[in-house]
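Here are my notes on this model, point by point. Please read them beside the coordinates.

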Amino acid sequence: VALTGKKMLPVITGPGVPKGGTLAESLEIASFLCSMRPGGCAPATGRDDVAEWLKKIGPISSKLTRPRLYKMPVKDWANEGDVAYARWKYGVKMSFDYDAAEKATPELVVEAASVIAELEDLLKGSD
């Protein structure tokens, strides 16, 4: 809140960061960081196989990470009101079942490992 006036992530701040030293929009942050890297960032590939892989890993990743994010010992989650809001936002508004996701962890880890194993061939490409 102190950086942007709003409770939002991600935020990047520091010397050389435009807009008064603070950026809080994901695309602006990505663009800024790419501008700092020699040669910029690699563009999206447009590969259908990569898009399919992202569709496969996304729901698994959400079920593994979302129930654990607010448990991290960081300032962002120190306020119980922030935790309650996040759980309401995803639980009620988006129908995310925190308890079911946590209980499914062993199966989700196996499933994630299987999907992640597919990544090696994708990284090699088809040429």
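**Notes on the predicted model**

1. Leu108 counts as buried, because its relative accessibility is 6% (buried means under 20% relative accessible area, exposed over 50%, partly exposed in between, with a 1.4 Å probe and protein chains only). Leu108 sits in helix H6 (helices are DSSP runs of H or I with at least four residues, strands are runs of E with at least two, numbered from the N terminus). Leaving out residues up to four places away in sequence, Leu108 touches Ile60, Lys63, Leu64 and Ala101 (contact means heavy atoms within 4.5 Å). Leu108 and Ser61 are 47 residues apart along the chain, yet their C-alpha atoms are separated by 8.5 Å.

2. On conventions: this is a predicted model, where local features need pLDDT of at least 70 and side-chain atom pairs count only at pLDDT 80 or more, while totals for chains, interfaces and linings use all residues. Residues are numbered from 1 along each chain as its sequence is written, and side-chain values use heavy atoms, with hydrogens and water left out.

3. Confidence comes next. The protein chain averages a pLDDT of 87, and 92% of the residues score at least 70 (pLDDT is the predictor's confidence in each residue, from 0 to 100). Where pLDDT is low, the predicted coordinates should not be read in detail.

4. Helix H3 covers residues 48–69, 22 residues in total. From first C-alpha to last, H3 reaches 30 Å, close to the expected 32 Å (the expected span is 1.5 Å times one less than the number of residues). A kink of about 30° lies at Ile57, shortly before Pro59 (the bend is the angle between axes fitted to the seven residues ending at a residue and the seven starting there).

5. Which residues of H3 are buried? They are Trp53, Ile57, Ile60, Leu64 and Pro67. Their cover includes helix H5 (98–103), helix H6 (105–117) and helix H7 (119–124).

6. The structure holds 3 aromatic pairs (rings of Phe, Tyr and Trp, the last by its six-membered ring, pair if their centres lie within 6.5 Å; planes under 30 degrees apart count as stacked, over 60 as edge-to-face, the rest as tilted). Tyr70 and Tyr98 pair edge-to-face, at 5.9 Å centre to centre and 75° between the planes. This pair links distant parts of the chain: Tyr70 is in the loop between H3 and helix H4 (80–93), Tyr98 in H5, 28 residues apart. Tyr70 is buried because its relative accessibility is 16%. Tyr98 is buried too, with a relative accessible area of 5%.

7. Tyr85 and Trp88 form a tilted pair, 5.9 Å centre to centre, with 35° between the planes. Both lie in H4, 3 residues apart, about one turn of the helix. Tyr85 counts as partly exposed at 48%, and Trp88 as partly exposed at 41%.

8. Ring pairs link Tyr70, Phe96 and Tyr98 into a cluster. The charged end of Arg66 sits over the ring of Phe96, 5.0 Å from its centre (that is, NZ of Lys or CZ of Arg within 6 Å of the ring centre and within 35 degrees of the ring normal). The charged end of Arg87 sits over the ring of Tyr98, 4.3 Å from its centre. Beyond its neighbours within four places in sequence, Tyr70 is in contact with Trp77, Val83, Arg87 and Tyr98.
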